[in-house]
Amino acid sequence: MAQVTFEKIRKVYPDGTVAVKELSLEIPDGELMVFVGPSGCGKTTALRMVAGLEQISGGEIRIGDEVVNNLPPRERDIAMVFQNYALYPHKSVYENLSFPLKLRKMEKSEIDRRVQRIAQILELEEQLPRRPRQLSGGQRQRVAMGRAMIREPQVYLMDEPLSNLDAKLRTQMRAEIGLLHKEIGVTTIYVTHDQVEAMTLGERVAVMRKGELQQVASPQELYTHPANLFVAGFIGSPAMNFFEGKIEVVDDGLMVAFGDGQRLRVDDAERDFAPVLAGTAGASVIVGVRPEHLEDAALIPETPSDRRLRGLVRLRELLGSEMVVHFEVEAAPVMTAETREIAADVDASTLTELDHMRSNRRTSFVGRFGVATQAVEGTVAEIAVSAGSLRFFDPSTGARITT
Amino acid sequence: MRKSRDQARVRTVEGSPFHVGRLLRWVVVIVWLAFLIVPLYWVAVASIKPQEDLLTSPPVWWPDNPTSIHFDQALNKFNGWKGLKNSLLIAFTTTIFAVIIGTAAAYSMARFRTGGKHLSFWFLSQRILPPIAIVIPIFLLFSRYSEEWFGIRLIDTQAGLIMLYTVFALPFTVWMMYAYFRQMPVELEEAALVDGCSRIQALVKIAWPLAAPGVISAAAFAFIFAWTEFLFAVVLARTEAVTLPVALAGMVTSFQGNLYGEASALTMVSLIPSLMLGILVQRHLVRGLTLGAVRG
Ligand SMILES: Nc1ncnc2c1ncn2[C@@H]1O[C@H](COP(=O)(O)OP(=O)(O)OP(=O)(O)O)[C@@H](O)[C@H]1O
Ligand SMILES: [Mg+2]
C-alpha cells in the first residue's frame with residue numbers, strides 16, 4: 001500500500017489539447033479519492049497518467065516514494081477497472097481473473113485458491129467457465145472488479161466503473177465498492193462524473209473543471225463550504241439556486257437585496273463564513289442557496305419575515321417523502337461561464353431556459369418542500385430560507401467570499 | 001458510427017415480393033451455377049477419360065473405362081511434380097512472410113499511428129498498379145542486375161518468386177489487418193499492460209489471438225494469390241522454379257500434341273488447396289471481410 005502524489009502534473013495531448021493543468025494533490029495511503037467533474041475535464045487523463053497508459057507532459061507522479069513517470073504500467077503495481085470493463089473476450093471468466101496472477105508466475109494451486117475466493121466474494125462461481133459475452137452487464141462489471149482485486153496492488157484505479165449499469169445495479173454496486181474498500185483499505189482513485197457517486201463513495205473528493213482542480217475536500221466540506229461557484233453548482237442534486245443580489249449594511253447587520261425590492265437578512269452563521277462580506281456592500285454578489293434549505297413558509301410560521309422570499313409556483317413534483325417545487329423569483333439570474341457549463345452538463349434545454357430567464361430578470365428556483373405544502377401552481381408563495389444556508393460568491397472570479 | 005451502420009443495412013420494401021422476381025432469382029442462380037460447374041465437370045471428367053474420348057463430338061459425358069494415366073503422366077513425365085512442389089513451397093512461404101510482416105506493420109500503424117493517417121491507404125493503392133507495367137523492369141532486375149549489383153541470382157529461383165509475391169501480397173494483408181486492429185478496443189491491451197504484460201506480451205497474448213480470424217483471412221488471400229499467380233511466374237521462372245500454373249500452361253501450348261487429359265489432371269491437382277482452404281476458412285473469411293459491418 002502506498003500514497004499517491006501528483007506534483008504539478010500537466011498533460012498536453014499531441015494535438016495541443018491541454019487536458020490537465022498543474023494538478024497537485026496528495027492521496028494518503030488507504031484513502032478512497034474520487035475525481036469528479038463534467039465531461040472532458042481531464043479525470044480520465046489524470047487517472048491514466050497514474051496507470052502509465054498516458055505520457056506525463058510535466059510534473060511528477062509518485063506512488064509511495066517512487067517517481068513513476070517513466071515506469072511502464074506493470075512496474076507500477078496498480079490495478080485498474082476500465083469503463084467498458086476491457087474483459088478479454090477470448091478468455092473464460094476464470095482465465096480473465098487468473099491472468100494477472102499467471103503473469104506473475106504464481107503457483108497453480110495458489111491461483112486456483114484465489115480465483116475461487118474472489119469468485120465467491122463477487123458471486124461469480126457459476127460464471128467461471130463462461131466467456132464474457134455470455135454474461136450480463138452486472139456480471140461483467142464484477143469480473144472487471146475481480147480481475148483488479150485478485151492481486152493486492154498498491155493502488156486501485158477505477159474509471160467510471162459503474163456507468164454502464166442501470167440505476168438500481170449501480171446503487172447496489174456502489175455500496176459494495178464502498179464496503180470492499182473499507183475491508184481491504186487499499187489506496188483507490190475513483191473517477192466519475194456522477195456527483196452522487198462521488199459524494200457517497202469518496203472519503204475525499206477532487207472536483208475538476210477544464211483540467212484544473214477546483215477543490216479537494218470531504219464530501220461534507222464540499223457541500224457546506226464549496227470553494228467557488230462551480231463546485232457549489234456541481235455538488236448537490238437538485239443543484240444550488242443562484243441569483244444576483246446586493247449587500248446592504250443596516251443598523252444591526254447585513255441584508256441582501258435583490259429583484260423587485262426583496263431583502264433577506266444575512267444571519268450570524270453566514271457572516272462567520274464570510275467575514276469580509278460587509279466590505280462588498282453596494283456591489284453585486286452572487287447568492288447561493290440549496291433546494292433543501294428552502295421550505296414553504298406556511299409550514300414553519302415562526303420564520304422571521306426577513307428570512308422569507310416570494311416566488312411564483314410553477315410546478316410541484318411529489319417524490320413521496322418530499323415535494324420538489326419549482327418556482328420563479330424576481331431576481332437577476334446568474335450567467336457566468338460556470339453556471340452555463342453546469343447547465344450545459346445537465347442538458348442543452350437547461351441552458352436555453354437559463355438564457356430565457358436572463359432576459360426576463362426572473363430566476364428559476366427549486367425547493368425541496370415538505371409534502372404538506374399547500375403551495376399551488378400559479379400562485380405566489382412565501383418561502384422560508386433556513387438559518388445559515390446562504391452562500392456568497394464573487395461575481396468576477398466565481399470564488400466564494402470568505403475572508 | 002451509428003449512421004454508417006444504418007446506411008450499411010440493406011433497406012427493403014415491406015410487403016409480398018414479386019413472383020416474377022422469385023422466378024428470376026432461380027433462373028439466375030441456375031444459369032450461374034451451370035456457368036461455373038459445367039467447365040469444372042468437364043475438366044474433372046477429362047482428367048479420367050481415356051485419350052480417344054477426349055475430343056469426340058458429341059462429347060463423352062462419362063467415360064466407360066476411367067483411367068488415371070493422365071495424372072501419372074502430368075505429374076511424372078511433364079513438370080507436374082516439380083510445379084506442385086514449387087507452388088506449395090512458394091505459396092506457403094509467401095503466406096508466412098506476408099502475414100508476419102503485414103500483421104506487424106498493420107499493428108504498428110493502428111496502435112502507434114506509424115506513417116500517419118494515410119499510410120494504410122497508400123499500401124492499398126499499390127494494388128492499382130497493373131502488374132504488367134513492371135514485368136519488364138523486374139525481369140531485367142532479376143535476370144541481370146541482381147546478380148551484377150548484389151551477387152544474388154533471382155531469375156528462375158523460388159526465392160525470387162517468394163520475394164516478389166510477398167511484396168505483392170503485403171498491401172492487402174496490411175490493409176486488412178489494419179482494419180482489424182483498428183476495431184479492436186485498445187483498452188484490452190491496456191488492461192493487459194496493467195495486469196502485468198510487457199508490450200510484446202500484450203500483443204502476443206491478447207491482440208494476436210483476437211486478430212486470429214483476420215490473420216486467417218489474410219493468410220488465405222496471400223496463399224491463393226501466390227498459388228494462382230501466372231504473369232510473373234511465366235516470365236521469371238521457366239525451368240527450375242516453375243510453378244503449377246506455368247506447368248499447366250506449358251501443357252496447353254505444348255507441341256507434343258493433345259495433352260488435354262494431362263492438363264485437366266493437373267488442374268484438378270491445383271484445385272485441391274483452394275478447395276481445402278475454402279472449406280477450412282469460409283467462416284473466418286466472411287467475418288474477416290465483413291468486419292466493418294459488425295463493429296460496435
Ligand atoms: N487521445 C487524445 N488526444 C487528444 N485529446 C484528448 C485525447 N484524450 C482526451 N483528450 C481531450 O482531453 C480532455 C480531457 O479528456 P478526458 O478523457 O480526460 O476527460 P474526462 O474528464 O474523463 O471526461 P468524461 O467524463 O467524458 O470521460 C478532453 O477535452 C478530451 O477531448
Ligand atoms: Mg473519462
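Start by selecting helix α1 of chain A, residues 43–51: with three residues, this helix gives the largest share of the shell around ligand 1. Keep in mind that the model is predicted.

**The ligand shell**

Next, show ligand 1 together with the 13 residues that surround it. The closest are Ser39(A), Gly40(A), Lys43(A), Thr44(A) and Thr45(A). Colour the shell by residue class, and it divides into seven polar, three charged and three nonpolar residues.

**Polar contacts**

Now select Tyr13(A). An N or O atom in the side chain of Tyr13(A) is 3.4 Å from a nitrogen atom of ligand 1. Move on to Glu160(A), where an N or O atom of the side chain is 3.3 Å from an oxygen atom of the ligand. At Cys41(A), look at the backbone instead: one of its polar atoms is 3.2 Å from an oxygen atom of ligand 1. On its own, ligand 1 has 640 Å² of accessible area, and the protein covers 64% of that.

**The cavity**

Leave the ligand and turn to the inside of the protein.

To see the lining, select α4 (137–149), β7 (155–159) and α5 (167–184) of chain A, each of which supplies at least two lining residues. The largest share, four residues, comes from α5(A).

Definitions and conventions
Residues numbered from 1 in each chain as written. Chains lettered and ligands numbered in written order. Predicted model: local features only at pLDDT ≥ 70, side-chain atom pairs only at ≥ 80, totals over all residues. Heavy atoms only, no water. Near = heavy atom within 4 Å. Polar contact = N/O pair within 3.5 Å; in protein donor to acceptor, adjacent residues only side chain to side chain. Areas by Shrake-Rupley, 256 points an atom, 1.4 Å probe, with all protein chains shown as cover. Nonpolar A, V, L, I, M, F, W, Y, C, P; charged D, E, K, R; others polar.
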